[in-house]
Amino acid sequence: MKIPTGVQGLDRMLHGGLIAKRPYIVSGPPGSGKTTMLAQFLKEGISGGERVLFIVLDEPPNELLANLRTFRWDVGDIEILDANSDIRRFEPTPIVEISDEQDPVKMRDLPEGIRKTPEVESHEVSVHSLQPLLKTLLRKHGFQRIAIDSMTGLRYFCMRDFEMDVSTQSFMRFLTEEKVTALLAVETAGESDVPPESFLARGEIRLHRIRDDSGIRRFVSIEKYKGSAHEEMVYPMEITEKGIVVQGTPPPPP
Amino acid sequence: MERVSTGIEGLDKMLRGGLPAGRPYIVTGPPGSGKTILSTHFLLDGIRNGEQCMLVALDEPPSEIKANMATFGWSLDQLTTLDATPDIKTHKKRNVIDVGTTLDVRDMEKVQDVRKSMQIRTMEVSIHSVQKMIKQTARDLRERVAGGHYSRIVIDSMTALKRFSLKGEDARILLQSFLRFLSELEVTAVIVSNALDPTALETEFLLARGEILLHKWIDGNAVRRAISIERMRGTPFDDRLRPMEIGAHGMSVFPSAAITSRGELAHTVDRAFLEARDADEVNARLDDVLAALESVRQVEGETREAEAAVLRGVVALQRKRFEEAVRHLITAKTRLTEELRLHDAATKARGKAE
């Protein structure tokens with residue numbers, strides 16, 4: 001069964017959307033529109049009455065909410081899990097990890113300001129704490145869509161160097177087993193970069209960002225899509241007030 | 001969304017009203033492109049509004065910044081300055097060499113001359129010590145003035161902070177934590193970065209909420225400047241490259257002017273610029289070597305070895321391996337000079353004999 005991504009042109013490029021219950025990555029350089037695409041994917045889920053979860057690692061939820069106000073979307077029902085680490089302590093105290101009890105909050109209930117690091121014990125996120133927490137949340141609440149912004153943040157800030165490859169692989173494997181449709185943002189360092197996540201994901205939506213005389217131009221392509229035919233071409237896209245719009249895609253088959 | 005002015009009218013226009021408040025931003029560009037000037041505009045604007053502003057100086061001593069900015073007629077006296085420039089390295093017989101500083105906070109008003117390295121003990125600059133110092137300074141202000149808080153901070157530069165203080169595999173995590181610390185201070189932060197490689201995923205680039213890029217290139221014999229916003233979360237922005245000038249009153253940005261087309265203006269303007277400069281140097285050497293080769297040929301000297309080296313140099317130049325090209329050209333030049341010297345000596349000897 002295929003589900004819509006929330007970006008019409010992209011659904012056409014995917015020949016009808018994403019095959020449900022599998023993990024996919026959205027890759028691209030900073031500023032290419034990954035976060036917007038993830039939010040649009042979740043918003044689409046909400047309008048279909050699904051439960052959706054946004055796990056944010058790269059920016060505080062209050063900022064994300066403020067940024068999304070640019071689009072006039074109703075995102076109040078998106079549940080958000082703040083996996084931003086607090087300020088790290090430098091004293092050699094044992095690390096206090098994100099607790100299993102931590103619950104996501106709905107976007108409409110988010111406080112205005114940033115969560116402050118408490119004086120006593122801080123909230124540090126590691127892949128070893130996030131994974132069981134996610135497992136509990138998925139079992140308990142039955143989320144149909146999740147988005148992680150970003151896998152690069154998870155890899156860089158929640159794993160030690162020596163465990164990066166193994167833990168990334170294991171985390172991707174975990175998502176596959178959980179049978180949830182997941183969209184994961186991955187930063188790329190240039191056009192030829194192949195991030196490790198793309199090998200394990202069932203599909204890769206690649207965002208491109210090119211500067212020329214007329215400003216910044218954006219494009220989107222499908223680099224990989226297991227189990228489905230898809231458009232091979234690179235299509236221009238724009239970030240408008242209504243979100244991401246892909247241009248010039250072929251009309252849906254009659 | 002609350003906005004903070006950058007202190008540069010044209011840039012605020014490009015940002016549709018200024019930087020979204022309370023977030024960290026990156027300012028980057030090649031050496032001499034105006035990064036420190038832009039960040040000073042930002043601080044000055046705060047000072048003029050009666051805000052509390054802080055400069056964390058890691059590259060240049062505050063005394064020099066003060067002197068440089070005085071040429072624009074700017075007074076930075078109200079600016080809190082954290083001098084975290086490293087002291088002269090103490091070389092001891094032991095292996096450990098500390099990069100130190102006194103980590104000294106003062107108002108710019110009181111900055112006189114460059115701080116001398118301490119004879120006995122220097123403190124190590126680390127991301128941790130800088131963070132602690134900022135925290136302490138913010139706390140001192142709160143105690144001195146009820147409700148007092150810093151609203152703007154400039155870190156000049158993050159590249160220096162990383163170079164001097166971050167060691168080991170936790171560098172990324174420490175930097176992430178430092179940026180989180182700035183966010184929790186609810187301060188709008190301008191972070192100067194000298195990292196020019198757009199293909200490297202530097203932590204500060206990943207986590208900054210926006211990026212302003214300064215460009216500088218040589219057009220004929222004039223230095224030309226431009227500015228672009230590469231990305232900015234939470235606000236629409238002008239995504240074109242706009243002309244920028246540094247004049248007697250600081251930086252001016254022309255948000256409705258266009259850069260006259262000069263081929264591809266990519267994100268890599270700076271890299272292309274640096275490459276062109278290296279290529280120019282190699283070309284100048286090449287001309288020099290070719291002239292020498294011609295002289296040696298005229299006196300029918302031996303040129304085979306030099307020619308081979310020139311050829312290798314040209315190949316390296318084409319492959320953009322500039323250092324290697326320079327090495328081959330130096331070899332060629334040495335051979336040719338030697339040949340000419342031998343020829344001169346032979347001529348002289350012959351002259352004497354006659």
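Which residue takes a positive phi just after H6(B)? Glu186(B) does, at about 55 degrees. The legends below concern a predicted model, in which local features need pLDDT of at least 70, side-chain atom pairs count only at pLDDT 80 or more, and totals for chains, interfaces and linings use all residues. Residues are numbered from 1 along each chain as its sequence is written, while chains are lettered from A and ligands numbered from 1 in the order in which they are written.

**View 1. Helix H6 of chain B and its cover.**
Helices here are DSSP runs of H or I with at least four residues, strands are runs of E with at least two, and both are numbered from the N terminus. H6(B) has 14 residues, which should span 20 Å at 1.5 Å a residue. Its end C-alpha atoms are 20 Å apart, in agreement. The expected span is 1.5 Å times one less than the number of residues. H6(B) is mostly covered, with 10 of its 14 residues buried. A residue is buried if 20 or more other C-beta atoms lie within 10 Å of its own, exposed if 12 or fewer, and partly exposed in between, with C-beta atoms placed from the backbone. The buried set includes Leu174(B), Leu175(B), Phe178(B), Leu179(B) and Leu182(B). Arg172(B) and Arg180(B) are also among them. The cover includes helix H5 (151-157) of chain A. From chain B, it includes strand S3 (24-28), helix H4 (127-144), strand S9 (150-156), strand S10 (188-193) and H7.

**View 2. The contact between chains A and B.**
Chain B gives 30 residues to the contact and chain A gives 31. Two residues are in contact if their C-beta atoms, placed from the backbone, lie within 7 Å. On the chain B side, the elements giving two or more residues are helix H6 (171-184), helix H7 (203-207) and strand S12 (222-232). H6(B) supplies the largest share of that side, nine residues. The chain B side divides into 11 nonpolar, eight polar and 11 charged residues. Here Ala, Val, Leu, Ile, Met, Phe, Trp, Tyr, Cys and Pro count as nonpolar, Asp, Glu, Lys and Arg as charged, and the others, Gly among them, as polar.

**View 3. Gly215 of chain A.**
Gly215(A) lies in strand S10 (residues 215-225) of chain A. It counts as partly exposed because it has 14 C-beta neighbours inside 10 Å. Leaving out residues up to four places away in sequence, Gly215(A) touches Asp239(B) and Arg240(B).

**View 4. Helix H4 of chain A.**
Just after H4(A), Gly142(A) takes a positive phi of about 60 degrees.

**View 5. The sheet of chain A.**
Ten strands form an open sheet in the order S6-S5-S4-S7-S8-S3-S9-S10-S11-S12, with mixed pairing. Strands S6 (105-106) and S12 (243-246) are the edges, each pairing on one side only. Two strands pair if DSSP finds at least two bridges between them. S3 (residues 23-28) and S9 (residues 203-212) of chain A run parallel over three bridges. Ile25(A) has Glu204(A) in S9(A) as its bridge partner.

**View 6. A hairpin in chain B.**
Strands S13 (residues 242-247) and S14 (residues 250-253) of chain B run antiparallel, joined by four bridges. Two residues lie between the strands of this hairpin. Ile246(B) stands opposite Met251(B) in S14(B).

**View 7. Two nonpolar cores.**
A nonpolar core is a set of buried Ala, Val, Leu, Ile, Met, Phe, Trp, Tyr and Cys residues joined through C-beta atoms within 7 Å. The largest has 62 residues. Tyr25(B), Val56(B), Ile153(B), Ile155(B) and Ile191(B) have the most contacts inside it. A second, separate core of 61 residues includes Val7(A), Leu53(A), Val75(A) and Phe143(A).
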